[in-house]
Every structure is written in structure tokens, then in C-alpha cells.
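Here is my note on the model you sent.

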Amino acid sequence: MLNMSEYEQAMKPGYFDRWNAEEQTRIDNDIEKNRKADGRFRIPGIPAGTEVKVEQTSHDFVFGAQIFNFDQLGSPEANSRYRALYGELFNSATIAFYWQPFEPEEGKCRFSPGEKDGEAFWNACPDPKMQPHWRRPAPDAVVKFCREKGIRCHGHPLIWGSSVWHYPRFILEKLPKTILVQMLTDVRCGSNIMKQGDALAEQCPEFVEYLEKKFDERIRVLAEHYGNQIQSWDVCNESAYDVTAGNFRPGAKICLGYQGRPMPADYTFRAFQTAQKAFPPEVRLNINDWHLKPNYLKQVKDLLARGCKIDILGAQMHLFEPQMCLDIADGISDLQSPGQVRKTMSMLAEAGLPIHLSEITITAPNNDERGQAIQAVIARNLYRLWFSLKPMMGITWWNVVDDCGAPGEPSVSGLFSRNMEPKPVYHALEDLINREWKTRTAVKAGKNGSVEFRGFRGRYRLAWENRTGKEETVEVILH
């Protein structure tokens with residue numbers, strides 16, 4: 001395994017002009033200031049001067065990944081290694097709730113695993129990518145696994161306008177046949193009925209009523225089934241573009257989503273209003289987007305002003321194209337440079353919400369030795385920068401395993417090869433999360449059993465020997 005100084009030889013001088021020593025010092029100082037706290041605890045009866053070992057057992061900060069390939073990797077060995085990551089490296093899992101594969105027929109939700117969800121099915125499947133539920137495991141089994149291991153669960157998403165990944169076909173089938181045919185075949189600008197929302201609403205008032213009912217029902221069904229078992233949800237995914245495109249219009253009865261699908265009017269507002277009534281108050285409601293522009297901030301502020309409960313602002317960062325990472329490494333691109341990242345996150349922080357880097361993709365160009373080194377260096381520096389920023393509450397890597405992304409996503413952006421061999425980027429993140437950013441120290445107890453230390457926020461195990469030489473322990477939380 002190469003060390004980081006060897007990885008860095010893959011980068012050109014221009015890269016280090018941006019990620020220079022001054023920038024690294026600033027990151028270190030901000031991590032110390034924003035991610036650590038002073039702990040003061042009292043252990044009754046412990047004599048002054050007793051050595052107390054301080055070991056961090058978990059982070060407050062979210063280090064997550066999506067868990068879309070649960071039991072789907074083709075062998076018991078690969079599946080076992082994949083499962084182990086949740087707990088070893090990741091403390092949070094994003095669980096797939098894409099509407100169409102979750103409810104392939106109206107009213108028939110895939111909560112529980114069926115015959116085609118088990119490990120045996122996927123191990124024998126010759127072409128898993130051709131299965132409609134590839135990357136879409138039945139969620140009850142995933143939630144149970146995460147809860148047993150103490151992994152935070154994040155549901156993704158409740159409402160999304162995507163015609164490819166989310167929007168259920170059974171809703172479209174409720175449209176009159178003549179309109180459905182026109183919608184799917186006539187895409188000339190201005191003549192497609194789906195660009196004339198008011199006309200559609202006038203012609204199909206029953207459909208508008210049905211649409212509103214199904215969107216509300218979708219949220220309530222999941223809230224009733226899971227309650228507080230899932231700690232947070234992306235209530236609305238990638239809706240900011242509809243704001244930019246002018247798809248939300250006052251007085252409209254229907255909204256056309258960015259991929260041309262009919263949505264309830266003002267659907268982001270409606271979704272949050274429904275979710276905050278349906279879910280227990282401790283469940284955190286997120287908005288999530290890739291469109292990290294001022295209109296996204298404007299949308300979030302508007303929803304907050306109108307009484308929506310938005311607990312976390314989700315922000316995606318995808319370096320999908322290999323050339324993006326090559327240009328960054330060669331020092332000819334400012335993309336995701338410290339200056340650009342700080343500017344974007346400072347803008348989003350104006351909403352006054354914690355920020356979740358909810359979907360992270362960093363590609364290994366060509367997946368050769370240099371490409372994998374580039375991926376590791378970019379990831380390490382970006383994670384350090386993101387971790388240092390005060391509004392940040394978590395970072396979630398997207399495709400954990402190579403060649404397991406959705407069509408169109410890069411096949412070489414995983415932390416592991418397809419047969420679950422770790423890539424350099426895995427070692428880079430593991431070193432940060434489990435070594436550099438975990439506090440392990442020893443201190444002497446003071447008067448009255450006082451124990452003081454400075455460490456990263458999270459749970460700790462304090463251990464010491466009593467007068468008989470027997471080890472005693474106590475669990476504490478440092479916020």
C-alpha cells in the first residue's frame with residue numbers, strides 16, 4: 001500500500017498551488033476549532049492521579065455511504081465485506097426508496113424481501129444490472145441490518161420529479177390515453193401538452209386530484225411504516241431546477257417537473273407540510289440538490305419562511321467525468337478548489353441549516369495506478385476541507401463499489417474494485433476517519449474524580465484500574 005506522499009506524486013504543481021501549505025494549515029486549525037470540544041466529566045470514587053484511558057468509539061459527524069448493493073454483489077465473501085463497511089468505516093447508510101421500484105404496482109409496496117431479494121438470487125444472477133430491482137433492495141431488511149449495528153438510517157427520496165429513476169408508471173397510466181401518447185411522443189417545443197400545465201389541469205381535473213392524493217399518500221405510508229426507525233429523509237430531491245426554470249407559478253394547479261412529469265402544484269411546499277405532520281418530530285427532514293446556485297438558497301429560505309420544517313440542507317458533489325479529475329490533478333481547473341468550495345458552502349450556509357454533503361462522486365481516471373492515486377488525493381483533501389467547515393454535519397460517498405452505479409454514472413468511482421479489493425481512496429478515507437479523526441489518549445484523574453480531555457465530538461469509553469487492579473469503564477458523550 002502506497003503512502004500519501006507517493007500518491008501525491010500523481011499531481012502536477014498547479015494542484016498544490018491551490019492546496020498549498022497555508023491552506024492545509026487553515027484546514028487543520030478549522031478542524032481543531034469546529035470539530036473538537038473540551039470534555040469535563042466526573043467519575044465518583046476514582047482516586048486523584050489514576051490513569052484514565054480515553055477511547056473514542058463513535059463520531060457525532062456523519063460519515064456515510066449509500067447501501068444500494070446490499071446482498072447484491074454476487075458472492076458471500078463480497079457481500080460480507082460490503083456489510084462490514086457499515087460500522088467499520090461508515091456510521092450512516094442512505095437507503096433506496098425510489099418510488100417506481102418500491103411500488104411497481106399501485107398499492108403493492110416492496111417493504112419486505114421477496115424470493116428475488118435474497119443473497120442466493122443475486123449470487124446466481126448472470127446479469128444483475130438487467131433486474132429492475134438492481135441497486136434497490138427491499139428496505140425492511142436494510143433498516144433491520146442498520147439498526148442492529150447502530151448505523152444511522154437515511155431515506156432517499158420521498159418526492160422527486162425524475163422520470164427515469166423515481167416517477168411511478170401507474171400514475172402516468174391514469175392520464176387519458178390521447179394525452180399520454182402525446183406526452184410520450186410529441187416533444188416539439190410548445191406543442192407538447194406537458195409544457196401546458198394549465199391546459200392539462202383543465203382537461204383532466206380528476207387526474208390533478210388523484211396526483212395530489214397519491215403524493216400525500218406516498219409520504220404517509222412510509223411515515224406510518226417506519227416512524228422514527230429512519231432518522232432522516234430527503235423529502236424533496238433535486239427540485240431547485242424547477243425554481244430556476246419557472247415551473248412553480250402562483251395560482252397553477254399542476255407543476256411540470258424538470259423531466260417533464262406532472263407534479264402537484266408547489267410540490268416542495270406540499271411535501272414538507274405533509275412530512276412534518278406524518279413523521280415523529282425527532283425525524284429530521286432534508287431537502288437535497290445538485291443545483292448549488294443562489295436559486296437553491298432562495299428556494300430553501302422561501303420554504304422556511306412559509307413554515308416548512310427543513311432540518312438539513314443536502315448538497316451533492318459529483319466529479320463524474322474522468323477528465324474533470326485529470327484537469328484538477330494537472331492544476332488547470334479550479335473545480336472543487338478550496339476557494340470554490342468555501343464560496344459555495346458559504347452561500348448555502350446563509351440558510352442557517354446544517355449542511356449534508358449528501359452524494360459524493362470522485363472518479364479514478366482510467367482506474368490505472370495514476371488515476372487511483374488522483375482519486376485518493378482529491379478525496380482526502382476534499383474530505384479534510386469539508387470536515388473543517390462549521391456548517392457541515394456529514395459527508396456521504398455515493399457508489400462504494402466499482403461498476404455498481406446507475407447507468408450513466410462512472411464505473412470507476414468506487415472505494416473498492418468490483419470484487420471488493422480496496423483502492424487507495426479507501427485507505428485514504430479510512431486513515432482519516434478511524435485514525436486522524438478519532439481521539440485516543442490517556443489522562444490523569446483530578447480531584448473529586450474529575451477527568452478532562454479535548455477530543456472529536458462523539459461517544460467515548462473511559463477505562464481505568466480500580467484499587468484491586470480490575471478494569472472499570474464508563475461511557476460518556478462529548479458534544
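1. A term first. A nonpolar core is a set of buried Ala, Val, Leu, Ile, Met, Phe, Trp, Tyr and Cys residues joined through side-chain atoms within 4.5 Å. Buried here means under 20% relative accessible area. Keep in mind that the model is predicted.

2. The main core. The largest nonpolar core has 142 residues. Which of them touch the most other members? They are I67, Y86, I362 and W386. Helix α17, residues 369-388, gives this core its largest share, 11 residues.

3. A separate core. There is a second core of five residues. Among them are A96, Y98, W160 and W398.

4. W386 in detail. W386 is then in contact with R35, M317, Q336, V341, L357, I360, M392 and I395. M317 comes up again in point 8, as one of the residues that lie nearest the centre of the largest pocket.

5. The whole structure holds 31 salt bridges. One of them pairs K12 with D330, with 3.5 Å between the closest N and O atoms. K12 sits in the loop between α1 (4-7) and α2 (13-18), and D330 in the loop between α15 (322-329) and α16 (338-348), so this pair ties together parts that are 318 residues apart in sequence. K12 is partly exposed, at 40% relative accessibility. D330 is also partly exposed, at 24%.

6. Two further pairs. K108 and E105 form a salt bridge, with their closest N and O atoms 3.4 Å apart. E105 counts as partly exposed, at 46% relative accessibility. D266 and R306 form another, at 2.3 Å from N to O. This second pair links distant parts of the chain, 40 residues apart. D266 is in the loop between β9 (262-264) and α13 (267-278). R306 is in the loop between α14 (294-305) and β11 (312-319). Both ends are partly exposed: D266 has a relative accessibility of 27%, and R306 one of 35%.

7. A salt-bridge network. Which residues do salt bridges with shared partners join into one network? They are E23, D30, K33 and R342.

8. The largest pocket. Its volume is about 980 Å³. The lining takes in 39 residues. W290, H291, Q316, M317 and H318 lie nearest the centre. Which element gives the most to this lining? Helix α16 does, with six residues. β11, α16 and β12 (355-362) each supply at least two. By type, the lining divides into 21 nonpolar, 11 polar and seven charged residues.

9. The second largest pocket. This one holds about 700 Å³ of space. It is lined by 32 residues. P101, Q131, P132, H133 and W134 lie nearest its centre. α5 (99-102) and α8 (169-172) each give at least two residues to the lining. The split by type is 13 nonpolar, eight polar and 11 charged.

10. Backbone points to inspect. Most residues other than glycine have a negative phi, and most peptide bonds are trans.

11. The cis bond. H156 and P157 are joined by a cis peptide bond, with omega about -25 degrees. P157 lies in the loop between β5 (152-156) and β6 (159-160).

12. D71. Its phi is positive, about 65 degrees, although D71 is not a glycine. The residue lies in the loop between β3 (62-66) and α4 (76-88). Is D71 buried or exposed? D71 is buried, because its relative accessible area of 10% falls under the 20% cut-off.

13. D266 again. This residue also has a positive phi, near 55 degrees, and is not a glycine. D266 lies in the loop between β9 and α13, and counts as partly exposed at 27% relative accessibility. Its side chain meets that of R306 in the 2.3 Å salt bridge of point 6.

How values were computed. Residues numbered from 1 in each chain as written. Predicted model: local features only at pLDDT ≥ 70, side-chain atom pairs only at ≥ 80, totals over all residues. Heavy atoms only, no water. Salt bridge = Lys/Arg side-chain N within 4 Å of Asp/Glu carboxyl O. Helix = DSSP H or I, 4+ residues; strand = E, 2+ residues; numbered from the N terminus. Buried < 20%, exposed > 50% of the residue type's maximum accessible area, 1.4 Å probe, protein only. Contact = heavy atoms within 4.5 Å. 1 Å grid on protein atoms, 1.4 Å probe; cavity = no way out; pocket = protein on both sides within 12 Å on 5 of 7 lines; lining within 4 Å. Points joined across faces, edges and corners; volume = space filled by probe spheres on them. Nonpolar A, V, L, I, M, F, W, Y, C, P; charged D, E, K, R; others polar. Lists of a residue's contacts leave out its neighbours within four places in sequence.
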